[in-house]
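Please examine the sequence and the structure shown below before reading the dialogue.

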Amino acid sequence: MNDFIINFCIFRFVVCQHISTLLTSLRTKENTMKKILPVAALCGIFFIGCGGAQEPAAEAPAEGGAASELVSGYDLAKGKEIYMADCASCHDEGVLNSPKTGDVAGWTARIDQGMETLIQKSIDGYNDVGNMPAKGGNDALTDEDVADAVAYMVNESVAK
Ligand code: HEC
């Protein structure tokens, strides 16, 4: 793994050098500085990346990890289709006091109940601050369909 990181850094170094050589040949042109600056900045980012590359595995899951963990195992693409057909009519705009999809603040406490509870209440329907119809009012949906739709909504409604 370390060998890979070192090789990767060397590769990036070579690429940067190559770009510098190209730029040197452009030096005669009067707007060279304008061209060099962004590329130099890019090279800088590459090198910062090299420094941070020591712990890539540790950093990656932290970003949005909570959301992907919550919705892993659900079919989000299918969930989106179901959502568009059977749930968006209320949840896109927050009709009838429904939690608006994408409203992170409005969803936090609901998501804290856990996926199973969210899904079960969506299957059965419930009436707390508004009327959430069983399966969004479409009896033809399976429990799994509803679960996928809920996962899609949750995924759209967490901070990313
Ligand atoms: C007729 C409007 C309407 C439709 C259609 C609808 N919902 Fe809702 N939904 C609501 C309302 C209103 C609430 C808030 C109910 C409350 O908290 O009292 C709600 C709440 C929810 C919640 C939050 C549950 C919780 O425990 O906080 C989820 C999840 C949800 N709906 C999923 C869905 C899904 C999935 C569909 C489509 C299959 C759907 N809804 C279709 C009105 C609707």
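The following questions and answers concern this predicted model.

Student: In which order do the elements of the protein run from the N terminus on?
Tutor: The protein contains 8 helices and 2 strands. Read from the N terminus on, the order of these elements is α-α-α-α-α-α-α-β-β-α.

Student: How are α5 and α8 oriented to each other?
Tutor: Two packed helices are described by the angle between their axes and the distance between the axes. For α5 and α8, the axes lie 7 Å apart and the angle is about 80 degrees. Angles of 65 to 115 degrees count as roughly perpendicular. The two helices, α5 and α8, are therefore roughly perpendicular to each other.

Student: Which residues of α8 make the contact with α5, and how many charged residues does the contact have?
Tutor: On the side of α5, the contact is made by Leu76, Lys78, Gly79, Lys80, Ile82, Tyr83, Cys87 and His91. On the side of α8, it is made by Asp145, Asp148, Ala149, Ala151, Tyr152, Met153 and Asn155. By class, the contact of α5 with α8 has 8 nonpolar and 3 polar residues, and the number of charged residues is 4.

Student: Which residues make the contact between α7 and α8, and what is the handedness of the crossing?
Tutor: From α7 the contact takes Leu118, Ile119, Ser122 and Ile123, and from α8 it takes Asp143, Val146, Ala147 and Val150. By class, these are 6 nonpolar, 1 polar and 1 charged residues. The crossing in which α7 passes α8 is right-handed.

Student: Which element gives the most residues to the shell around the ligand?
Tutor: Of the 30 residues around the ligand, Cys87, Cys90, Asp128, Gly130 and Gly136 come nearest. The elements that give two or more residues to this shell are α5, α7, β2 and α8. With 6 residues, the element that gives the most is α5.

Student: Is Asn97 buried or exposed?
Tutor: Asn97 lies in the loop between α5 and α6, and its phi is positive, about 70 degrees, although Asn97 is not a glycine. Asn97 has 12 C-beta neighbours inside 10 Å. A residue with 12 or fewer counts as exposed, so Asn97 is exposed.

Student: Is Lys135 buried or exposed?
Tutor: Lys135 is found in the loop between β2 and α8, and this residue, other than glycine, has a positive phi near 50 degrees. Inside 10 Å, Lys135 has 21 C-beta neighbours. A residue with 20 or more counts as buried, so Lys135 is buried.

Student: How far apart in space are Ala159 and Asp103?
Tutor: Ala159 lies in the segment after α8 and is exposed, with 10 other C-beta atoms within 10 Å. In sequence, Ala159 and Asp103 are 56 residues apart. In space, C-alpha to C-alpha, the distance between Ala159 and Asp103 is 9.2 Å.

Note on methods: Residues numbered from 1 in each chain as written. Predicted model: local features only at pLDDT ≥ 70, side-chain atom pairs only at ≥ 80, totals over all residues. Left-handed = near helix turned anticlockwise from the far one by under 90°. Helix = DSSP H or I, 4+ residues; strand = E, 2+ residues; numbered from the N terminus. Contact = placed C-beta atoms within 7 Å. Nonpolar A, V, L, I, M, F, W, Y, C, P; charged D, E, K, R; others polar. Near = placed C-beta within 6 Å. Axes fitted to C-alpha atoms, helices over the stretch in contact; angles between N-to-C directions. Parallel < 35°, antiparallel > 145°, perpendicular 65-115°, else oblique.
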